[in-house]
2 protein chains.
Amino acid sequence: VHAQASAPAGAASAPHVRTTADIVDGAPASAWRRPDPNDVLAMTLPAGVVWIELAPRFAPRHAANIRTLVAQHYFDGLAVLRVQDNFVAQWGDPAANGDDASRLRPLGAAAAGLQPEFAISDRGLKITRLKDRDVWAPVTGFVDGFPVAADPRTHRAWIAHCYGTVGAGRGNTVDSGNGAELYAVIGQSPRGLDLNITPVARVLQGMELLSSLPRGGGAMGFHDKPEQDVPITRIERLADMPEATRPDIRVFRTDTPQWDELVESRRNRRDAWYVHKAGAIDLCNITVPVRIAVKPAAN
Amino acid sequence: VHAQASAPAGAASAPHVRTTADIVDGAPASAWRRPDPNDVLAMTLPAGVVWIELAPRFAPRHAANIRTLVAQHYFDGLAVLRVQDNFVAQWGDPAANGDDASRLRPLGAAAAGLQPEFAISDRGLKITRLKDRDVWAPVTGFVDGFPVAADPRTHRAWIAHCYGTVGAGRGNTVDSGNGAELYAVIGQSPRGLDLNITPVARVLQGMELLSSLPRGGGAMGFHDKPEQDVPITRIERLADMPEATRPDIRVFRTDTPQWDELVESRRNRRDAWYVHKAGAIDLCNITVPVRIAVKPAAN
């Protein structure tokens, strides 16, 4: 039995059917938003910059604590210290995994522990819903570019652990996270983490700098030799960069007709190569387009 | 609203509840199978060996053609020529993407094109079914360690595009694939490829050697400079290795009570760290355990 025998052919090459690229390229300026520069972080690694957008709507305490840490230059000189294949890349203070607490970098004005922010109330939350099934939650969709799941029965909504979701590591107690150790999902969406840990952000651009790092040799992908650690040159806030040279960042809105058309173009691919229309899409298969224009430094 | 307020605590640390590691470590020899050495390929890259198991049940024509290519040492000296972030790593003849057909390595006794094997009949196919929802298909489960989706209405079953699934690249016509150019999924499961292309195998071990490769700089992650290509030292069949030094390979069976218990341990994680039981698992979140014991070469 071959798929092409029953595949709907023809429509794929009809000229009025736009591919995802057509939709993004043809979208008006109003289909894009500029994220708040207070919420955008640039993490500079030896290989380039990972751009991250915080989610204060979902994790206000963690977002505030991370901003405090960044303002103190807490992360500058720390490292990516864990890369577990098909799971996460994690960064923070390498001394946190050692026995000598005196070597820990001080948190300064930041809190050492925070009440968890695993979910928020769904009341009043405008989710651009997907009509597709989901394995894990009754409702899925997008809020401000973040992939979100929700359960109307418990009135909870949360950022889903998709590729590129950034969360705050924690220990065995739920209030032991503080945003000083962060991870990004680099593989198949580990949605089993949802409601167990606080998602705080998502990577806007530069995921490949994390996902292509060598995997750690220790348990759970932690680096078992200090020389495996990938140094973080610095993490700085977009708002703290000089306005004249601040990159122009645009994120595709997820509450517009263009967004709806983009989602539909992922659900039923319009490229002629596809002979079978899936008629479905997974929350974590949808990438929100981002454009970052770096301005040349003035000399 | 915090998750831990309604999370079922306590059971997680009950001593009779076994974690996934407990289940695998405690499984009897009968819970493991030895794959047919005719179906196991060792792809040697500069950084190590990627172990691959062919799926002749799902793609008999492609599996036979790949065996013919391997017997001719077709792949030896070719390269990984495409690495697209959150999608696939692809290997084959770098000349296939150039303009000079005279530089192509000859296929020898292998066919240049094959009828597609996007799906097989589900009649008589024993699928260890998951009870969980799936975004894409009415039925999901495992057959001989392969993640499988099926549709009882059309009586089709197919290997799902999960992390580690290997498929045969094709051009715009469905019969243009032949197994000489292969890809492995390195990111979020691109299930939209299901029923559009022929899955032929899955990676048993060594995925991190593909998933951590630098991403290609060209369109769709193709390498845009020849020096980006990662050379394939060789691909050889387990059956062609000397028996005395042939590695002992065991793959966890997916049709046993131990398997059922393993799946349940992924659905509701038993580690004390988890405060929320998901009560669900995605087909592509379940890893089939593999043990490969390399024997020292005789001197």
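User: What covers the buried residues of α4(A)?

Analyst: An α-helix has 3.6 residues a turn, so residues three or four places apart point the same way. In this predicted model, the buried residues of α4(A) are A:Q258, A:W259, A:L262, A:V263, A:S265 and A:R267. Their cover includes α1 (20-25), β7 (128-129), β8 and β16 (248-252) of chain A.

User: How many aromatic pairs are there over all chains, and how is such a pair to be read?

Analyst: A pair of aromatic rings is described by the distance of the centres and the angle of the planes. Over all chains, eight aromatic pairs are counted. One of them joins A:F142 and A:W259, edge-to-face, with 4.9 Å centre to centre and 70° between the planes. This pair links distant parts of the chain, for A:F142 belongs to strand β8 (residues 139-143) and A:W259 to helix α4 (residues 257-267), 117 residues apart. A:F142 has a relative accessible area of 1% and is therefore buried; A:W259 is likewise buried, with a relative accessible area of 1%.

User: Which residues of chain B form an aromatic pair that is edge-to-face?

Analyst: B:F142 and B:W259 do, with 4.9 Å centre to centre and 70° between the planes. Here too the pair links distant parts of the chain, from strand β8 (residues 139-143) of chain B to helix α4 of chain B, 117 residues apart. Both B:F142 and B:W259 are buried.

User: How is the contact between the two chains to be described, and how many residues does the contact take from each chain?

Analyst: The size of an interface is often given as the accessible area lost when the parts come together. For chain A and chain B the area buried between them is about 4,700 Å², with 53% of it on carbon and sulfur atoms. A:V135, A:Q188 and A:W273 supply 17% of the area that chain A buries against chain B, more than any other three residues. The contact takes 52 residues from chain A and 51 residues from chain B.

User: Which residue lies over the face of B:W273?

Analyst: A:R170 does, at 3.9 Å from the ring centre. In the other direction, the charged end of B:R170 sits over the ring of A:W273, 3.9 Å from its centre.

User: Let us turn to single residues. Is A:L54 buried or exposed, and what does A:L54 touch?

Analyst: A:L54 has its place in strand β3 (residues 48-54) of chain A. Its relative accessibility is 2%, so A:L54 counts as buried. Not counting residues up to four places away in sequence, A:L54 touches A:N38, A:D39, A:L41, A:A63, A:I66, A:R67, A:F146, A:V200 and A:A201. A:D36 is 18 residues from A:L54 along the chain, and their C-alpha atoms are separated by 9.4 Å.

User: Where is B:A160 found, and is B:A160 buried or exposed?

Analyst: B:A160 is in the loop between β10 (156-159) and β11 (165-168) of chain B. With a relative accessible area of 0%, B:A160 is buried. Leaving aside neighbours within four places in sequence, B:A160 is in contact with B:P147, B:V148, B:T165, B:R191, B:D194 and B:L283.

User: What polar atom lies 2.8 Å from the backbone nitrogen of B:G279?

Analyst: The atom belongs to the side chain of B:N268. B:N268 is placed in the loop between α4 (257-267) and β17 (290-293) of chain B. Apart from neighbours within four places in sequence, B:N268 is in contact with B:K277, B:A278 and B:G279.

User: Finally, the backbone angles. Where does A:M220 lie, and is A:M220 buried or exposed?

Analyst: A:M220 lies in the loop between α3 (207-211) and β14 (230-231) of chain A. A:M220 counts as exposed, at 52% relative accessibility. Although A:M220 is not a glycine, its phi is positive, about 55°. A:H73, which is not a glycine, has a positive phi of about 60°; A:H73 is in the loop between α2 (60-71) and β4 (79-83) of chain A.

Conventions
Residues numbered from 1 in each chain as written. Chains lettered and ligands numbered in written order. Predicted model: local features only at pLDDT ≥ 70, side-chain atom pairs only at ≥ 80, totals over all residues. Heavy atoms only, no water. Helix = DSSP H or I, 4+ residues; strand = E, 2+ residues; numbered from the N terminus. Polar contact = N/O pair within 3.5 Å; in protein donor to acceptor, adjacent residues only side chain to side chain. Contact = heavy atoms within 4.5 Å. Phe/Tyr/Trp six-rings, centres within 6.5 Å; stacked < 30°, edge-to-face > 60°. Buried < 20%, exposed > 50% of the residue type's maximum accessible area, 1.4 Å probe, protein only. Lys NZ or Arg CZ within 6 Å of the ring centre and 35° of its normal. Buried area = accessible area lost by both parts, 1.4 Å probe.
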